[in-house]
Amino acid sequence: MNLNKNDNGLSSEEREKFAGLSRQRQPSPALETRIISLLKSKGLILMTPSQRFFTAPRLAGAFAVIALVTFGFSLGKWQSPASQPDPGLETFIMLLHESGSVDEHEADKVIEYGKWAQTIAQTNRLRAGAKLRYDGQLLRRIDEQLEARPFAPREDSNHLGGYFLIQARDYDEAVKIASSCPHLKYGGMVELRQIDKT
Amino acid sequence: MQIITEYLAQLKDRRLVGNFLARRDEHSFRVLYHRHTPALYQLALRLVGWNFQEAEEIVQDTWLRTVEALAEFRWESGFRTWLSGILINRSREFYRARKKERHAIIADEMAAEVAVAENFDRIDLEQAIAALPNGYRQVLVLHDIEGYTHEEIGRLLEIDAGTSKSQLSHARRAMRDSLQAHTTGNTMRR
């Protein structure tokens, strides 16, 4: 580097060297986790209902529930002939709408949903089912520009919490199956829609 | 062109901050974090003389303070400028708490990391800056690398603009002496 000892302004070469220094550097990934954890502990980032649910002391219980539900779904999926679509039956989707509030019976509810799914699977009527995460992305196209923005349901609004894909002869049977879902008992709403084969 | 770029960046920051304030959710925060943290971390590293642990602590405190005060931010400056101001204040408090002047020496790990991406001229320059006394280093980093004016530095560091100019003059001289000594040493060793 050309040192400019007499004039205390920067020489052009010095300016160039300064301009060439990096402006960005990535910290360790652990820093991000640490900061988010601290912000949550201070209440500056709100935890979603699902995150609150999966905090101690419910965590151990929640893991047991997940294991049970997974087992329930797996049992239905792999042991039931209904895992193969029956071409003689219509397919319906049950969209489970719920509010964001979490009650103290949440763990019991999840177990009950798992047992219900297992029962439906045993009658060869269950095709699939899943609980949805609370966070997501909303995508739309505005003036030919794709906009993707983060989506997180408000606690006081209804949102999609999960779904079941079932098979039935017709709407009457589908309604009968859906009406036995424990989601209704707990104040949730089930939107039942037939899959259009065309 | 620069003004347009800054204006668009400012618009995007306003939208992202608005998203976060509306939801207070983790995802919105992560978007802001990834947008600004690499620049904040680089600035923190230079201000503390490439001590990685201290730089991360300062960045962490900067984000905590930022989120605490975010709702009160009036957008009278750019969001990055505001963040940098908080970070600079935090780094000053950091040194004040330790009540000692640190003549930072770039660690071997830093030299190794920088060497991967940058040429040796730049390593020499970073080392010379890092070895400056704290007051000199802050002014030189803010003025010659970050582009702040002496008036802005004066406000950020709570010193007169004249003191900032004087510190910068001393800092540049010390940096050049350090580089000259390094160059001479290298020549003599050859």
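**Figure 1. Confidence across chain B of the predicted model.** Chain B has an average pLDDT of 83, with 82% of its residues scoring at least 70, where pLDDT is the predictor's confidence in each residue on a scale from 0 to 100. Among the elements of chain B, the lowest mean pLDDT, 48, belongs to helix H5 (residues 108-117), and the highest, 94, to helix H3 (residues 52-69); helices here are DSSP runs of H or I of at least four residues, and strands are runs of E of at least two, numbered from the N terminus. This is a predicted model, in which local features need pLDDT of at least 70 and side-chain atom pairs count only at pLDDT 80 or more, while totals for chains, interfaces and linings use all residues. Residues are numbered from 1 along each chain as its sequence is written, and chains are lettered from A and ligands numbered from 1 in the order in which they are written.

Figure 2. Chain A averages a pLDDT of 75, and 69% of its residues score at least 70. Within chain A, helix H4 (residues 59-79) has the lowest confidence, with a mean of 43, and helix H6 (residues 171-179) the highest, at 94. The pLDDT is below 50 over residues 52-82 of chain A, a stretch that has 44 contacts in the model beyond near neighbours in sequence, two residues being in contact if their C-beta atoms, placed from the backbone, lie within 7 Å. Where pLDDT is low, the predicted coordinates should not be read in detail. For the complex, the predictor gives an ipTM of 0.82 and a pTM of 0.57.

**Figure 3. The bend in helix H2 of chain B.** Helix H2 (residues 26-47) of chain B bends by about 45° at His36(B), and Pro38(B) follows within four residues; the bend at a residue is the angle between axes fitted to the seven residues ending there and the seven starting there. Just after H2(B), Gly49(B) adopts a positive phi of about 70°.

**Figure 4. Packing of H2(B) with H3(B).** The axes of H2(B) and H3(B) lie 9 Å apart, at an angle of about 135°, with axes being lines fitted to C-alpha atoms, for helices over the stretch in contact, and angles running from 0 to 180 degrees between N-to-C directions. H2(B) and H3(B) are therefore oblique to each other, given that angles under 35 degrees count as roughly parallel, over 145 as roughly antiparallel, 65 to 115 as roughly perpendicular and the rest as oblique. The contact involves Tyr33(B), Thr37(B), Leu40(B), Tyr41(B), Ala44(B) and Leu45(B) from H2(B), and Ala55(B), Ile58(B), Val59(B), Thr62(B) and Trp63(B) from H3(B). Nine of the contact residues are nonpolar, two are polar and none is charged; Ala, Val, Leu, Ile, Met, Phe, Trp, Tyr, Cys and Pro count as nonpolar, Asp, Glu, Lys and Arg as charged, and the others, Gly among them, as polar.

Figure 5. In the model, 29 residues of chain A are in contact with 34 residues of chain B, and H2(A) supplies the largest share of the chain A side, seven residues. H2(A) and H3(B) pack at about 35°, with their axes 10 Å apart. Leu31(A), Arg34(A), Ile35(A), Leu38(A) and Leu39(A) of H2(A) meet Glu56(B), Val59(B), Gln60(B), Trp63(B), Leu64(B) and Val67(B) of H3(B).
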